[in-house]
Amino acid sequence: MTLENKNALYMESISVSFDGFKALNSLSIALDSGELRAIIGPNGAGKSTMMDVVTGKTRPSSGVALLSGRYDLLKLDEVKIANLGVGRKFQKPSVIESLTVRENLELAFVGNRSPLSSLLVKLSSENQDELENTCARVGLSESIKQSAGDLSHGQKQWLEIGMLLLQKPTLLLVDEPAAGMTDTETMRTADLLKSLAGRHTVVVVEHDMDFVEALECRVSVLHEGTVIAEGSHAHVSGDSHVIEVYLGR
Amino acid sequence: MDQLFRKLTLAFVIVVVLYVFINNILFPESFGLGLDSYYLTLIGKYLCFAILALALDAVWGYCGILSLGHGAFFALGGYAMGMYLMRQIGDRGVYGDPLLPDFMVFLNWTELPWFWTGFDQPWFAALMVIMVPGLLAFFFGWFAFRSRVSGVYLSIITQALTYALMLAFFRNEMGFGGNNGLTDFKDILGYPISAESTRASLMILSGLALIFFLIFTSWAMRTKFGRVLLAIRDSEDRARFLGYRVESYKLFIFVLSATMAGIAGALYVPQIGIINPGEFSPLNSIEIVVWVAVGGRGSLYGAALGAVVVNLAKTYFTGAYPDAWLYFLGSLFVLSTIFMPRGIVGILQDSLHWLLPQKSRYRRKSSP
Ligand SMILES: Nc1ncnc2c1ncn2[C@@H]1O[C@H](COP(=O)(O)OP(=O)(O)OP(=O)(O)O)[C@@H](O)[C@H]1O
Ligand SMILES: [Mg+2]
């Protein structure tokens, strides 16, 4: 790899096609370490597909994708990428419904992931404290013993974010975190994500423009698999092309 | 609450084992309460099936791998034991050959095939009981799980696996006794195999194995390992993106389960007195699935209960209405899936809930 750079995430000319349909069309994007970045765009623009490429779920037909300027994401599988410190919240909340909130969080907690060690490990008391703090941070202390399947849609989103935090990733990919949340919950989520920036690099996909504005970060606009505008919230909301394809509708 | 039923199941098996130990082994003469060979064999058989059900529940109930070929691992364990028992016959066979089992003499073979060597040693046979099913499960799982074969496709290839093995074992040239299989056993570890005390000991051994596996599997499922399995069952992608190597976990539990099934088969064969290729029949593997479904998938003791209940029914039906058994089995499966999706365990839990409504409101979980 001749490309050397300091970007936390660097993607260049990534193309993905499904049966000839280009979900990503020569997409390029670069994130600084510790940056918070919002990604917006109409349905089907390729936002989730971009996350699929970063996490190793989908292989692009061409392009370059590097993590921390060192790791070639296109050569690694999902588990290796996850263990390099890439955490992901899915668009559709996916928590383990038959486990309790605590058990879900324990599962996410960083540590040896091999089958043999999983038979023997127990979380130390410091780690238990950390787990409970994180649980409080995502507002689920009351429900810690509850089965995750019994949580509301918004609570599941929170739980998944909590799990993401305990994974201690360097790069967080958060797909539509505010879906199903009330306005106050949405704003709390925005605050939480903002507080993560600096120590983590965070990519947030969201349709809710108030939420995106509240993030006060750089915004990339995706359309038909490519970035059509990038800049502050004010800048992209004033862009005539963005208004035409997305905001204006 | 699940804990309660699990302990009751365990207590029940312990009582049966103790009863037989006291009345058949310790004081066979004094009380006259000992069970006769028929019942000893019957109970021993149910206990082996309960272990087999436990093995399937560990992969299906906890990890979502619906194996329709678990009968194959059971049969392979049984064949390994059968080979040991054949070699124990020595020169007491019909043809009196000191080395070769009767069926080989009958086929005009002059030498013992290489894969029969070592089976005269009990320790070697015991090793093979574990290794053969374990290795088959390992290679099968290695390829299947790495290439992410799952769901119906996996079920179909497990079914094909047991079918292929059945066809192979039917062939005389394979060297496992063809369609007659292995039988006419004389003794095991020097004890006459049909003596009542041997029967009782084998039944007790099966009971102890069931107790051990019940305790072991429920412990394993309560560790983080068990949680990862549930995560894989409920949402494979989530487990993967949390950094768990899904295929390793699947392989681990699949191999463990196959060896359990093999041990069950090895305990079964000396009690029944025969192992033949019919044990590989695809239908056998499907029956195991029915036991687990009827008992209640994903609760371990429920699977064991299911195995016993369905086989009690089978013993009755095949005696009273031999032709109706398959129809009964089919209807049982359909009806239990529709009317009691959580099996006997579900009924037990609901009735307890009904009796003690204030308790365990928050424990509405689909897992232990
Ligand atoms: N596995 C797949 N097979 C075929 N087409 C796919 C697949 N995954 C995504 N697509 C298509 O690729 C396009 C981009 O999908 P993607 O999910 O990335 O959009 P998105 O920007 O996340 O949209 P939304 O806002 O609705 O979540 C869509 O047209 C979708 O139908
Ligand atoms: Mg999407």
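**Chain B against chain A, and ligand 1**

Between chain B and chain A, 19 residue pairs are in polar contact, both residues at pLDDT 80 or more. A polar contact is a pair of N or O atoms within 3.5 Å; within protein, one must be able to donate a hydrogen and the other to accept it, and residues adjacent in sequence count only if both atoms are side-chain atoms.

A word on the source. This is a predicted model, in which local features need pLDDT of at least 70 and side-chain atom pairs count only at pLDDT 80 or more, while totals for chains, interfaces and linings use all residues. Residues are numbered from 1 along each chain as its sequence is written, chains are lettered from A and ligands numbered from 1 in the order in which they are written, and side-chain values use heavy atoms, with hydrogens and water left out.

Back to the two chains. In chain B, 29 residues are in contact with 35 residues of chain A, contact meaning heavy atoms within 4.5 Å. About 3,000 Å² is buried between the chains, 59% of it on carbon and sulfur atoms. Buried area here is the accessible area (1.4 Å probe) that two parts lose on being put together, summed over both. On the chain B side, B:Arg238, B:Phe241 and B:Leu242 lose the most area to chain A, together 26% of what that side buries.

There are also six salt bridges between chain B and chain A. The term means a side-chain nitrogen of Lys or Arg within 4 Å of a carboxyl oxygen of Asp or Glu. One salt bridge pairs B:Arg148 with A:Glu78, with 2.7 Å between the closest N and O atoms.

Now the ligand. Which residues are closest to ligand 1? It is surrounded by 14 residues, and the closest are A:Asn43, A:Lys47, A:Ser48, A:Thr49 and A:His207; to count, a residue needs a heavy atom within 4 Å. A polar side-chain atom of A:Lys47 is 2.8 Å from an oxygen atom of ligand 1. From the backbone, a polar atom of A:Gly44 is 2.9 Å from a ligand oxygen, and an N or O atom of A:Ala45 is 3.2 Å from one.

Last, A:Thr49. Is this residue buried or exposed? A:Thr49 is buried, because its relative accessible area is 12% and buried means under 20%, exposed over 50%, partly exposed in between (1.4 Å probe, protein chains only). Leaving aside neighbours within four places in sequence, A:Thr49 is in contact with A:Val16, A:Phe18, A:Ala23 and A:Leu24.
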